[in-house]
Amino acid sequence: MMRLILTATAIITGSSVVYFYVFHQRLASTIQHKAHRGTLTASTNPTGIESIPDAVFTDQYFTIADSSSKSVLRACLPENESTEQLFKRLVRRNMTAFSRFPQALMLKMALRTPEEKHSFKRSHISCLDFKEGDLACGIYRVKLRKENRVEFEMQMKTMDFVNGRLAISCQEKEDSIVFRSETVMWRKADESRIMPLERPAIRWMHETAMMWLIDSGARYLMDLET
């Protein structure tokens, strides 16, 4: 019986790995994805995340960055809504979707304050205009807000040696709109502890989740009634 259980477990685990690998590859075929490890420079911060401290752009810091983007024809989006309105819908939808991810649920269990716990609720996220100071999903505090752009500071109290940004933006280009999500994490170069995204399995899960959010978020906007 034990052998049968172990065999069944191995088959299920193997099937899950294959499924998520294929899912990752499918997403990668529809999403523009870029990744960077090492010293952050202007060329590896292509859309110019403005709220990253200047000191991070030196060899005193080690960074991990990745970016996922998807271009959508403007004609495929509701014409009665401005780009800023569509952008706000995208951020609300994607942060709400993320709030139900396993990693978000783990974060929620580790957080303590009423504000942090409340920030996971759909009713809270769906009302946000993402003004500076707003909090979403426990650790994402709006650091900078511009038209069609929001930059969240990652506040990880349990990992105070890690700092980071999550930037979500959209940009009009000719007859299309490019939706983009970027993550940057950094630590002191001489810090011996490693960041979550330095672990291959976590980084792979993060890439898959970020690509899915941008892909499904863009499709959500395309499916809105005009």
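Okay, so a residue is called buried here when its relative accessible area is under 20%, exposed when over 50%, and partly exposed in between. Keep that cut-off in mind for asparagine 148: its relative accessible area is 11%, so asparagine 148 is buried. And before I go on, what you're looking at is a predicted model.

What about its backbone? Why flag that? Because most residues other than glycine have a negative phi.

There's another one of these. Phenylalanine 130 also isn't a glycine, and its phi is positive, about 60°. You'll find phenylalanine 130 in the loop between helix H5, 122-125, and strand E3, 135-136. Is phenylalanine 130 buried or exposed? With 1% relative accessibility, it counts as buried.

Okay, zooming out to the overall layout. The protein chain has 6 helices and 7 strands. Going along the sequence, the pattern reads α-β-β-α-α-α-α-β-β-β-β-β-α. The chain has 226 residues, and 46% of them count as buried.

Now, salt bridges. How many turn up in a search of the whole structure? The search gives 13. I'll walk through a few.

Start with lysine 146 and glutamate 50. They form a salt bridge, and their closest N and O atoms are 2.9 Å apart. Lysine 146 is in strand E4, while glutamate 50 is in the loop between strand E1, 32-38, and strand E2, 61-73, so this pair ties together parts that are 96 residues apart in sequence. In terms of accessibility, lysine 146 has a relative accessible area of 40%, so it's partly exposed. Glutamate 50 is at 46% relative accessibility, so that one counts as partly exposed too.

Next up, lysine 88 with aspartate 129. Here the salt bridge has its closest N and O atoms 3.1 Å apart. Lysine 88 counts as partly exposed at 21% relative accessibility, and aspartate 129 counts as partly exposed at 30%.

Then there's glutamate 153 and lysine 143. Their salt bridge has closest N and O atoms 4.0 Å apart. Glutamate 153 is in strand E5 and lysine 143 in strand E4, 10 residues apart. Lysine 143 is partly exposed, with a relative accessible area of 39%.

And one that goes beyond a pair: Lys70, Asp215 and Arg219 are linked in a network of salt bridges.

A quick word on serine 169. It sits in strand E6, residues 163-173. At 6% relative accessibility, serine 169 counts as buried. Which side chain does the side chain of serine 169 make a polar contact with? That would be arginine 149, at 3.5 Å.

Last stop, the region around H3 and H4. Which residues form the positive surface patch here? They're Lys108, Arg112, Lys117 and Lys121. One of them, arginine 112, is in the loop between helix H3, 102-110, and helix H4, 114-118. Arginine 112 has 62% relative accessibility, so it counts as exposed.

Threonine 113 lies in that loop between H3 and H4 too. Its relative accessibility is 31%, so threonine 113 counts as partly exposed. What does its side chain reach? The side chain of threonine 113 gets to the backbone nitrogen of glutamate 116, at 3.1 Å. And if you want a spacing to check on your own screen, the C-alpha atoms of threonine 113 and glycine 138 are separated by 9.2 Å, with the two residues 25 apart along the chain.

That's my tour, and I'm happy to go back to any of these spots.

How values were computed: Residues numbered from 1 in each chain as written. Predicted model: local features only at pLDDT ≥ 70, side-chain atom pairs only at ≥ 80, totals over all residues. Heavy atoms only, no water. Patch = residues over 30% accessible without salt bridge, like charges linked within 9 Å, V, L, I, M, F, W, Y side chains within 5 Å. Areas by Shrake-Rupley, 256 points an atom, 1.4 Å probe, with all protein chains shown as cover. Salt bridge = Lys/Arg side-chain N within 4 Å of Asp/Glu carboxyl O. Lys, Arg positive; Asp, Glu negative; His and termini not counted. Charge placed at Lys NZ, Arg CZ, Asp CG, Glu CD. Helix = DSSP H or I, 4+ residues; strand = E, 2+ residues; numbered from the N terminus. Buried < 20%, exposed > 50% of the residue type's maximum accessible area, 1.4 Å probe, protein only. Polar contact = N/O pair within 3.5 Å; in protein donor to acceptor, adjacent residues only side chain to side chain.
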